[in-house]
Amino acid sequence: MVTITFPNSTTERRAVAFMIGKFSGRVIRPGVHLLPEEAVEALTAHNIPFIIKVPSTKKRPGETPEDVVAAPIQRRRQRPGKVAKKFKT
């Protein structure tokens with residue numbers, strides 16, 4: 001799946017009209033779409049302009065493969081076992 005944007009709303013409408021019924025995708029927010037690679041190839045073949053959004057590859061300071069440690073698993077606090085109720089005699 002590829003995230004793409006369109007330069008204007010007219011182009012976006014034209015692209016959506018072309019893709020309806022042919023490809024499945026998702027609108028993330030207005031103007032930003034998540035589409036399969038085949039849909040991107042079809043848009044290119046029909047000369048519909050779009051911009052591919054590349055995911056961020058920024059690394060956080062101090063984050064190397066050796067530094068990254070799995071987060072500890074949070075376990076539920078164990079409840080005390082059920083105790084038989086004592087009846088008044």
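Mentor: Contact here means heavy atoms within 4.5 Å. This is a predicted model, where local features need pLDDT of at least 70 and side-chain atom pairs count only at pLDDT 80 or more, while totals for chains, interfaces and linings use all residues. Residues are numbered from 1 along each chain as its sequence is written, and side-chain values use heavy atoms, leaving out hydrogens and water.

Trainee: Which are the edge strands of the sheet?

Mentor: Helices (H or I, at least four residues) and strands (E, at least two) are DSSP runs numbered from the N terminus, and two strands pair if DSSP finds at least two bridges between them. Four strands form an open, antiparallel sheet in the order β2-β3-β1-β4. Pairing on one side only, the edge strands are β2 (26–29) and β4 (51–52).

Trainee: Which residue in β3 stands opposite Thr-3?

Mentor: Let's start with the pairing: β1 (residues 2–5) runs antiparallel to β3 (residues 32–35), over four bridges. Opposite Thr-3 in this arrangement is Leu-34.

Trainee: Within what arc do the buried residues of α2 fall?

Mentor: Buried means under 20% relative accessible area, exposed over 50%, partly exposed in between (1.4 Å probe, protein chains only). In α2, Ala-39, Val-40, Ala-42 and Leu-43 are buried. They line one face of the helix, because, seen down its axis and judged by the directions from that axis to the C-beta atoms, they fall within an arc of 160 degrees.

Trainee: And which exposed residues does the face of α2 turned away from its buried side carry?

Mentor: The buried residues of α2 pack against β1, α1 (9–19) and β3. Turned away from that buried side is the face with Glu-41 and Ala-45.
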